[in-house]
Amino acid sequence: MSSARVDYIAPWWTYWLHNFPHINLRFQPIDNSFQPEEENYQQSLIFLGCVAAAGLGLNLLLLAIYLSCLCCCHKDEEEESKKPNSCCVTWSAVAAGLITCIAVGVGFYGNSETNDGVYQLTYSLYNANHTLGGVDSLVTGTMGSMKSGLHQHLARLDEIFATRGDYVQTLQFMQQMADNVIKQLLGLPDWEEAKVDLASIADQTASIEYYRWLTYLLILILDLIICLLACLGLAKQSRWLLTTMMVFGVLTLVLSWTSLGADLATAVGTSDFCVSPDKYLISQTKGVIGTDIVHYYLYCNQTLSNPFQQPLTIFQRSLTTMQIQIQGLLQFAVPLFPTAERDLLGIQHVLNSSEASLHQLTALLDCRGLNKDYLDAMVGVCYDGVEGVLYLCLFSTLAACAFTVMLCAIPRAWRQIACRERDYDDIDEEDPFNPRARRIASQNPNLTNMHSFCSYSSSMGSQNSIHPPAPAVSNAPVSEYMNQTALFGGNPRYENVPLIGRGSPPPSIYSQQYRNRYSPSMRATYLSMTEEQIRHFGNDFQA
């Protein structure tokens, strides 16, 4: 029987998923045949979801260990070690962003493929339901016309032809043919139950697929938004934004592992059905439709005989015989019994409509229509559907990896931002070289201007207004200093005069305060700017 199957071949990934270990919750291996009503088989699918839950727990445990180690390690990092750490955070953020973009692309493709496969399944189910509904409607309509319409016409004709025994025998023969037609129609399978089941299955499948598609679409958009906001928080060095994205990242990580478990169980269960769908369908239709009929529609080849051929042939012959009898009565009985013409024409109309129904019924019962719907459904489920679910599994895995990397990078970035702000807080805000003090001064122009230690008392005032304080410490007399300057061929400039009478502290005191307050790099900057300022005021003084 399997050798006759040439139209449907299960794809290789369904066999790969079908060979997954099927273990119930008691850790006992079970048969991998598709049996959704069996408790052990249901437990084997639940076990796959539990495996994904175990992966989620392990992932969260590793993240907790990493964060604990990061919080416990408070060693002071040197300036050389800060650059590699910042590069590590940057590359981690880049890697998480790239993996998230790839995962979202794979997820969109998988969601679309799954939706296409389920849509093809529901479309085929609706087509099959329409075919079976048409068969049921034709059978019911033909039987009704034979039982009611034809019977009424024959009863009236029996009264009209009461005096003619040969005509009455012809009417009795037609009644036997009509009963034979009804008997053949009753021998056809009752499609009403199967039709209702297909319609309900299609409706439920379409409803579930709509919510599944919408849920995955929202998850994909949420993953993309969280990734973009996390990158924005790293770029803007926003601690509250990074903290918020870390919370959402944990929630998205849980969603990723949950969807992975659901998709894996769905893919394995669907693959078990796709490997041998005939066996399951025959078991489900047992007691409703004959096995020979199910085989006829599942395989639909020339070696199998049509199980409806005999009843349809008897139906056709009975209608032909009745039409011949009606033609004879119209030709010979109407001249003698004119009142019988109306009923004879009514019987002829019933026979003509029954013959039209017979042709439609023959076309609908042919295996090619339902077999095409069956193959389309199998291709939609086992090719597009299972393939799309596998892509969704890949999306969930990539998303879990991306958000794991992101959750590892965000705490390090948050710590670097905190260290950088602490370094700024250690600098005196009254320091004119502090960038924060400059920003505050630019934002608040009404604040009192800060004077440098080496500034002149009044750059716009005359020299007579200068009231220098008494020198506390002097390493050399002014005259000696001026003489040394003239000895080397230079004119005594104001910039070479000791800082006496200029509103600045003595060099020794100034140096001690300066060393205690500023770092070596800031001290060099401070001295260079002071010399330029002194040189500027010295030139003004000589002029």
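Q: What share of the contacts in the protein with a separation of 6 or more comes from residues 24 or more positions apart?
A: The share is 80%. Keep in mind that this is a predicted model.

Q: How many helices and how many strands are there in the protein?
A: Count the elements of each kind. Here there are 15 helices and zero strands.

Q: What part of the 543 residues counts as buried?
A: Buried means under 20% relative accessible area. In this protein, 37% of the 543 residues fall in that group.

Q: How many Å² of accessible surface does the protein have, and what part belongs to carbon and sulfur atoms?
A: The accessible surface comes to about 31100 Å². Carbon and sulfur atoms hold 61% of that surface.

Q: Where does UniProt place the feature "transmembrane region"?
A: A record can be laid over the model. The UniProt entry, which is unreviewed, puts this feature at residues 45-67, 88-109, 213-233, 240-260 and 388-410. Now look at the model over two of these spans. Residues 45-67 are 100% helix and 0% strand, with end C-alpha atoms 34 Å apart. Residues 88-109 are also 100% helix and 0% strand. Their end C-alpha atoms are 32 Å apart.

Q: How many residues does H2 have, and what span is expected at 1.5 Å a residue?
A: Compare the expected span with the one in the model. H2 covers residues 39-72. It has 34 residues, and 50 Å is expected. From first C-alpha to last, H2 reaches 48 Å, close to that value.

Q: Why does the span of helix H4 agree with 1.5 Å a residue?
A: Use the same kind of check. Helix H4 runs over residues 165-187 and has 23 residues, so it should span 33 Å. Its end C-alpha atoms are 33 Å apart, which agrees.

Q: Which residues are buried in H2, and which in H4?
A: Go along each helix and pick out the buried positions. In H2 they include Tyr41, Gln43, Phe47, Gly55, Asn59 and Leu70. In H4 they include Tyr167, Thr170, Met174, Met177, Ile182 and Gln184.

Q: Why does Gln43 count as buried?
A: Check the residue against the cut-off for buried, under 20%. Gln43 has 10% relative accessibility, so it counts as buried. Next, ask what it touches. Leaving aside neighbours within four places in sequence, Gln43 is in contact with Ile23, Asn24, Leu25 and Arg26.

Q: Which residues form a nonpolar patch on the surface?
A: Look for nonpolar side chains on the outside. Leu58, Leu61, Leu62 and Ile65 make up such a patch. Together they have about 390 Å² of accessible area.

Q: Why is Leu62 exposed while Leu61 counts as partly exposed?
A: Exposed means over 50% relative accessible area. Leu62 has 51%, so it is exposed. Leu61 is at 48%, so it counts as partly exposed.

Q: How many salt bridges does a search of the whole structure find?
A: Side chains of opposite charge can pair when their charged atoms come close. The search finds five salt bridges. One of them joins Asp343 and Arg156, whose closest N and O atoms are 3.0 Å apart. This pair links distant parts of the chain, 187 residues apart. Asp343 is in helix H10 (residues 341-365), and Arg156 is in helix H3 (residues 79-160).

Q: Which side chain does Asp166 meet in a salt bridge?
A: The partner is Arg164, at 3.1 Å from N to O. Asp166 counts as partly exposed at 37% relative accessibility. Arg164 is partly exposed too, at 28%.

Q: Why are Lys372 and Asp376 separated by about one helical turn?
A: Count places along the helix. Lys372 and Asp376 are four residues apart in helix H11 (residues 367-426), which means about one helical turn between them. They form a salt bridge, with the closest N and O atoms 3.0 Å apart. Lys372 counts as exposed at 52% relative accessibility. Asp376 counts as partly exposed at 24%.

How values were computed. Residues numbered from 1 in each chain as written. Predicted model: local features only at pLDDT ≥ 70, side-chain atom pairs only at ≥ 80, totals over all residues. Heavy atoms only, no water. UniProt positions renumbered as here; feature names shortened; annotations may be inferred. Helix = DSSP H or I, 4+ residues; strand = E, 2+ residues; numbered from the N terminus. Buried < 20%, exposed > 50% of the residue type's maximum accessible area, 1.4 Å probe, protein only. Contact = heavy atoms within 4.5 Å. Areas by Shrake-Rupley, 256 points an atom, 1.4 Å probe, with all protein chains shown as cover. Expected span 1.5 Å × (residues − 1). Patch = residues over 30% accessible without salt bridge, like charges linked within 9 Å, V, L, I, M, F, W, Y side chains within 5 Å. Salt bridge = Lys/Arg side-chain N within 4 Å of Asp/Glu carboxyl O.
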